Amino acid sequence: MNRSLIISTFFLFTLFISCVEPFEIKTTTFESALVVEASVTNELKNQTVKISRTFRLEETGIIPEENAIVKIVDDQNNEYLFTENIRGTYTSLVPFEAILGRNYQLSIKTADNRSYISNQQKINSISPINNLIVEAKTYTTAGVQKEGIVITAESYDSNRNANYYRYDYEETYKITATLWSPDELKVIQEWPPIVKVVQRTIDNKICYKTDLSNEIIQTETTTLSEDRVSFPVKFIDRTDFKIRNRYSLLVKQYIQSLEAYNLSLIHISEPTRLLSI
């Protein structure tokens with residue numbers, strides 16, 4: 001009897017001392033730094049540069065850097081000017097592509113008259129995606145085993161000049177409403193309320209949605225005996241409704257410099273691959 005009393009008391013005491021009072025996180029020291037996301041690809045298009053500012057822990061959302069002067073200059077003194085079409089997002093005035101072996105440098109002058117310039121970067125190699133492999137298998141993510149579909153990108157550079165790779169993707173899937181009726185209610189009179197059943201004017205039983213990847217997906221081959229990539233780009237859980245009807249995945253593979261792999265200012269990109277399920 002006394003033993004039970006002691007155990008119960010100890011348990012309650014443990015709960016008491018385990019309580020933690022909530023507190024607000026506040027920044028003690030802060031330095032406003034420029035954050036630049038820029039990709040120059042070998043695809044002929046209007047290239048994009050995104051510029052923002054670091055923000056305090058208690059703040060939310062991205063702080064776009066507005067009214068900056070942005071340009072990219074190559075080693076033949078070709079200059080490509082950018083314009084701000086969305087707050088903090090700058091697009092080149094004309095389409096251009098990165099040429100193999102040519103150096104490119106990003107220059108930024110902010111509204112407060114501060115100037116920034118990147119190191120010169122160039123495409124050292126072209127290594128397109130050779131194949132996208134789709135496998136139904138058990139995949140371990142965040143220490144948890146899940147069943148689903150693994151989509152793996154394969155490529156090979158015999159010259160061993162690529163080495164650093166980054167990926168992003170665009171997934172589109174078909175959505176079919178399960179509880180859907182061709183009829184709907186239409187208000188004929190608000191008061192007293194009168195409604196009647198009419199046929200839908202818009203057939204919205206089937207629609208399509210496109211999502212973009214929102215994380216850094218990258219790998220390297222410097223530790224391997226050859227520059228051969230077999231990298232799982234995307235995992236889809238077997239219970240995910242996205243693959244219920246129809247699904248497609250557009251994968252882009254980027255060849256990076258070591259600096260870009262380590263999240264430097266500017267990086268170079270490479271071809272794409274489309275998969276449909």
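Which residues does Val233 touch, not counting residues up to four places away in sequence?

## Val233 and its contacts

In this predicted model, Val233 touches Ile151, Thr152, Ala153, Tyr167, Tyr169, Ile217 and Val251. Contact means heavy atoms within 4.5 Å.

## Basis of the model

Residues are numbered from 1 along each chain as its sequence is written, and side-chain values use heavy atoms, leaving out hydrogens and water. Local features need pLDDT of at least 70 and side-chain atom pairs count only at pLDDT 80 or more, while totals for chains, interfaces and linings use all residues.

## Overall build

The protein has 2 helices and 19 strands. These are DSSP runs, numbered from the N terminus: helices are H or I with at least four residues, strands are E with at least two.

Of its 277 residues, 32% count as buried, that is, under 20% relative accessible area with a 1.4 Å probe, protein chains only.

## Nonpolar cores

A nonpolar core is a set of buried Ala, Val, Leu, Ile, Met, Phe, Trp, Tyr and Cys residues joined through side-chain atoms within 4.5 Å. The largest has 19 residues, of which Ile151, Tyr167, Val233 and Val251 touch the most other members. Strands E10 (144–156), E11 (164–176), E16 and E17 (247–256) each supply at least two residues of this core.

A second, separate core of 18 residues includes Leu34, Val40, Ile72 and Leu106.

Key:
Buried < 20%, exposed > 50% of the residue type's maximum accessible area, 1.4 Å probe, protein only.
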